[in-house]
Amino acid sequence: MDENIWSWGIPGWRSDLIEALLKALPKDKRRNLVPIPDTAKKLMKAVDAQHLNAHIFDFLAFQLRGEQISAKDFSFERIEEYLIPLIKVIDEKGKLIEKGRDLSELKARCRTETHSPVKQLKGEFKTFPDKFVFEASQKVTGVVVKQYQALVTTKDFAKLDAKDESGIVIQTFNDQNEAIKQHREGVIRLIHMQLGDLIRQLKKQISKPLALAYSPLGDKAKLEQMLVYATLQMSITDLPINAEEFDKLVIDVKQKFLSHGQDALRLISEIYIQWQEIRQKLLMVDQNVFAKNIDDMEDQLDLMNLSDFVYSKSSDVWQEYPRYLKALILRLERLPNNLNRDDDAIAQIDPWMDKLFKFKNDDRLKELYFMVEELRISIFSQPMKTKMPISPTRLQKVWEKLGIS
């Protein structure tokens, strides 16, 4: 459901909704809009079909920009319920799953339902199946909805062994993003089964210093599997939705696999060797004097999931880890002579770390994670340059846009 379209409510009551939103503004904001009913009528006359594709808050903010009113000044909290559509989520048998008037909250409550497969076809495949249709329309309780097929692995990549022959199955999802996420894993597995000697060549390139740096987290076999998966992540950009596209992708991946493998190996080596340097420096820091600072650094490392990050993070995230770890090393080097400023910086970063930990499994926070790490660089490791203009205000705007509560 499109939240922008939903925000406009029921067509016959849109004028009433606009008037109610204006009346709910803070007193200093609505002072220049009186008489409110007349202002609401003028705004309603300005609405056209194009405006209905934007959120009503954004429309009102743009129309009232001369009054220093922004979208975040508006809220549905004090609006009469009859002006906000009641949404009922029902399954294919007509059973009520959830209902409510807050779309963001409803989506959050139903995320488990929408992310679960609704159907699985018979059979297990080791090649791309001929009868695969990524997107199709299905009638559910009289309403035509889109459903999405995905190639889904029968075993997690991290748990595969050298002689494993487990393949993929076809499952159907209501949520497109979840289908794409699962389909990517299925494609990775199918291509993995075609690489044979290339995988063996890549594994041989792991150096002893890298294996030693990783050893506190796992054995060499686990590191080898991570390297293969990381290489496949970097090799696959576009996902195939038919056998012909898959065959072309296999050829392309085979041609570039060892080249991408070298890139993945370099990045993974940087990550674990820098992590070991950080571990050594943390052992040399006075645990009593710098307890709060050490806790914050360990929280930063925890969010990286360094023991198996390639499985839990997309490649565009972990490819930035060497920068983040380099910044952390610089922070540690400066810490003994920079305690007060470091403490002040922790106060800035703490609220954002709380959000990242609370919603760490929510894919929507990826942009926020990037920004928090850039904020860390700007306040803890200032000689380093950030990749973007960054400030707590910019983070707050992104957070509000996400609409997570």
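Predicted model: local features only at pLDDT ≥ 70, side-chain atom pairs only at ≥ 80, totals over all residues.
Mentor: Residues are numbered from 1 along each chain as its sequence is written, and side-chain values use heavy atoms, with hydrogens and water left out.

Trainee: Why is Glu19 called buried?

Mentor: Buried means under 20% relative accessible area, exposed over 50%, and partly exposed in between, with a 1.4 Å probe and protein chains only. The relative accessible area of Glu19 is 19%, so Glu19 counts as buried. Glu19 is found in helix α2 (residues 14–23), where helices (H or I, at least four residues) and strands (E, at least two) are DSSP runs numbered from the N terminus. Leaving aside residues up to four places away in sequence, Glu19 touches Ile36, Pro37 and Ala40, contact being heavy atoms within 4.5 Å.

Trainee: Which value goes with calling the peptide bond from Val34 to Pro35 cis?

Mentor: The omega of that bond is near -5°, and Pro35 lies in the loop between α3 (27–30) and α4 (36–46).

Trainee: What makes a set of points a cavity, and how many cavities of 30 Å³ or more does the rule give?

Mentor: On a 1 Å grid over the protein atoms alone, a cavity is a set of points where a 1.4 Å probe fits but cannot get out, and lining residues have an atom within 4 Å of a point. Grid points are joined across faces, edges and corners, and a volume is the space filled by probe spheres set on the points. By this rule there are three cavities of 30 Å³ or more. The largest holds about 70 Å³, and its lining includes Gln300, Tyr324, Arg331, Glu373 and Phe380.

Trainee: How many residues lining the second largest cavity are charged?

Mentor: Four are charged, with three nonpolar and one polar, where Asp, Glu, Lys and Arg count as charged, Ala, Val, Leu, Ile, Met, Phe, Trp, Tyr, Cys and Pro as nonpolar, and the others, Gly among them, as polar. This cavity has a volume of about 40 Å³, and helix α7 (residues 176–192) supplies the largest share of its lining, three residues.

Trainee: What makes a set of residues a nonpolar core?

Mentor: The set must consist of buried Ala, Val, Leu, Ile, Met, Phe, Trp, Tyr and Cys residues joined through side-chain atoms within 4.5 Å. The largest such core has 92 residues, with Tyr272 and Leu306 among those with the most contacts inside it. Helix α11 (residues 243–283) gives the most to this core, with 14 residues. Apart from it lies another core, of 28 residues, among them Leu25, Ala40, Val47 and Phe76.

Note on methods. 1 Å grid on protein atoms, 1.4 Å probe; cavity = no way out; pocket = protein on both sides within 12 Å on 5 of 7 lines; lining within 4 Å.
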